[in-house]
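User: I am new to this structure. Please take me through it in short questions and answers.

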Amino acid sequence: MHRLRILHPNTSSRIRLLPIMHGLTGILFLFNAIGVYRSPQPNWFLVFFFLVIGIACIGFPFMMKKFKKFTEANTVARMIEAFICFTGSLYFLSHLYPVTALLLFAVGCCMAYVGWMEYKIFQPSYITMDNTGITLPTLFSKRLVGWNELNNVILRNDLLTMDYKNNKILQLEVLDEPGQEQRAALNTFFQSRVQ
C-alpha cells in the first residue's frame, strides 16, 4: 500500500468562495444594523456593533493573506460569525421580529456548517493506493476508485493525474513530493494496476 499527502480536492473551489461568503455575512450584519436602527427604540450599542462587525466581515477577505495561519483565522472568523448570528437571532426574537430571528438562526447554522467543512478541507489529506484501487478523501468519508475505472495514473513532479475511462481527469497536488526513485516505483505500480 502506498500513501501520499495531498491538497484536498475541494480546496481550490472553497478558497474562491471564501470572500463571497464573508462578504454576504457582512452585508447581512449591515442590514441587521439598519433593522435595529429603525426599531421604535434603537439600541445604539447594537447598531454600532453590527456596523463594525459587518464592515469587518466585508474587509476580512482583503486581510486574509496577511495572516500566517490562514486556516485557523478563517475558522475563528466563521465561528464568530455563527455566534453573532445565533445571539442576534435571540435579540430579534425578544423584540418580536420572528422572521429576522429565524433568518439569522438559519444563517448561523449554515456558518457553523461551512466553518466545520472548511476546517476539514484545510486539514492534511492523504490518498492511498493499493491493489483494489485509489482511495480519495471526500468531505464526510473516503471514496474508492477502482483500477478498472481508470485509463491511466501518473505522478509527475508534484501532480498526481488520474485519467478516468469516462474522459474525466482529476489532478491532485502532492504536498510531500516523493523522491525520483519513489516516484518511478509509484508510476510502475500504477501502470501495472491500470493495464
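Analyst: First, residue classes: Ala, Val, Leu, Ile, Met, Phe, Trp, Tyr, Cys and Pro count as nonpolar, Asp, Glu, Lys and Arg as charged, and the others, Gly among them, as polar. This is a predicted model, in which local features need pLDDT of at least 70, side-chain atom pairs count only at pLDDT 80 or more, and totals for chains, interfaces and linings use all residues. Residues are numbered from 1 along each chain as its sequence is written, and side-chain values use heavy atoms, with hydrogens and water left out.

User: How many polar residues are in the lining of the largest pocket?

Analyst: A pocket here is an open set of points on a 1 Å grid over the protein atoms alone where a 1.4 Å probe fits, with protein on both sides within 12 Å along at least five of seven lines; lining residues have an atom within 4 Å of a point. Seven lining residues are nonpolar and two are charged. The polar class supplies five.

User: How much space lies in the largest pocket?

Analyst: Volume is the space filled by probe spheres set on the grid points, which are joined across faces, edges and corners. For the largest pocket, that space is about 230 Å³. Its lining has 14 residues, and the closest to the centre are His8, Lys120, Ser125, Pro137 and Thr138. The volume asked for is again about 230 Å³.

User: Which element gives the largest share of the lining of the largest pocket?

Analyst: Helices (H or I, at least four residues) and strands (E, at least two) are DSSP runs, numbered from the N terminus. Strand β2 (125–129) and helix α4 each supply at least two lining residues. The largest share is three residues, and it comes from α4.

User: Which residues does UniProt list for "transmembrane region"?

Analyst: UniProt positions follow the numbering used here, feature names are shortened, and annotations may be inferred rather than shown by experiment. In the model, residues 20–38 are 95% helix and 0% strand, with end C-alpha atoms 27 Å apart. Residues 99–116 are 100% helix and 0% strand, with ends 26 Å apart. The unreviewed UniProt entry lists residues 20–38, 44–64 and 99–116.

User: Is His22 buried or exposed?

Analyst: His22 lies in helix α1 (residues 11–37). Buried means under 20% relative accessible area, exposed over 50%, and partly exposed in between (1.4 Å probe, protein chains only). His22 has 0% relative accessibility, so it counts as buried.

User: Which side chain is joined to that of His22 by a polar contact of 2.8 Å?

Analyst: Contact means heavy atoms within 4.5 Å. Leaving aside neighbours within four places in sequence, His22 is in contact with Cys57, Ile58, Phe60, Pro61, Asn74, Ala77, Arg78 and Glu81. A polar contact is a pair of N or O atoms within 3.5 Å; within protein, one must be able to donate a hydrogen and the other to accept it, and residues adjacent in sequence count only if both atoms are side-chain atoms. The partner of His22 at 2.8 Å is Asn74.

User: How far from Leu30 is His2, C-alpha to C-alpha?

Analyst: His2 sits in strand β1 (residues 2–6). Beyond four places in sequence, His2 is in contact with Ile127, Thr128, Met129, Leu186 and Phe189. Leu30 is 28 residues along the chain from His2, and their C-alpha atoms are separated by 51 Å.

User: What is the distance from the backbone oxygen of Asn131 to a polar atom of the side chain of Arg193?

Analyst: Arg193 belongs to helix α5 (residues 180–194). It is partly exposed, with a relative accessible area of 32%. The distance from the Asn131 backbone oxygen to the Arg193 side-chain atom is 2.9 Å.

User: With which side chain does the side chain of Thr161 make a polar contact?

Analyst: Thr161 lies in strand β6 and, because its relative accessibility is 18%, counts as buried. Beyond four places in sequence, Thr161 touches Asn152, Val153, Ile154, Ile169, Leu170 and Gln171. The polar contact, at 3.3 Å, is with Gln171.

User: What is the relative accessible area of Asn167?

Analyst: Asn167 is in the loop between β6 (159–164) and β7 (169–173). Its phi is positive, about 65°, although it is not a glycine. Asn167 is exposed, with a relative accessible area of 71%.

User: Where does Leu96 lie?

Analyst: Phi of Leu96 is near 60°, a positive value in a residue other than glycine. Leu96 is exposed, at 71% relative accessible area. Its place is the loop between α3 (70–94) and α4 (98–121).
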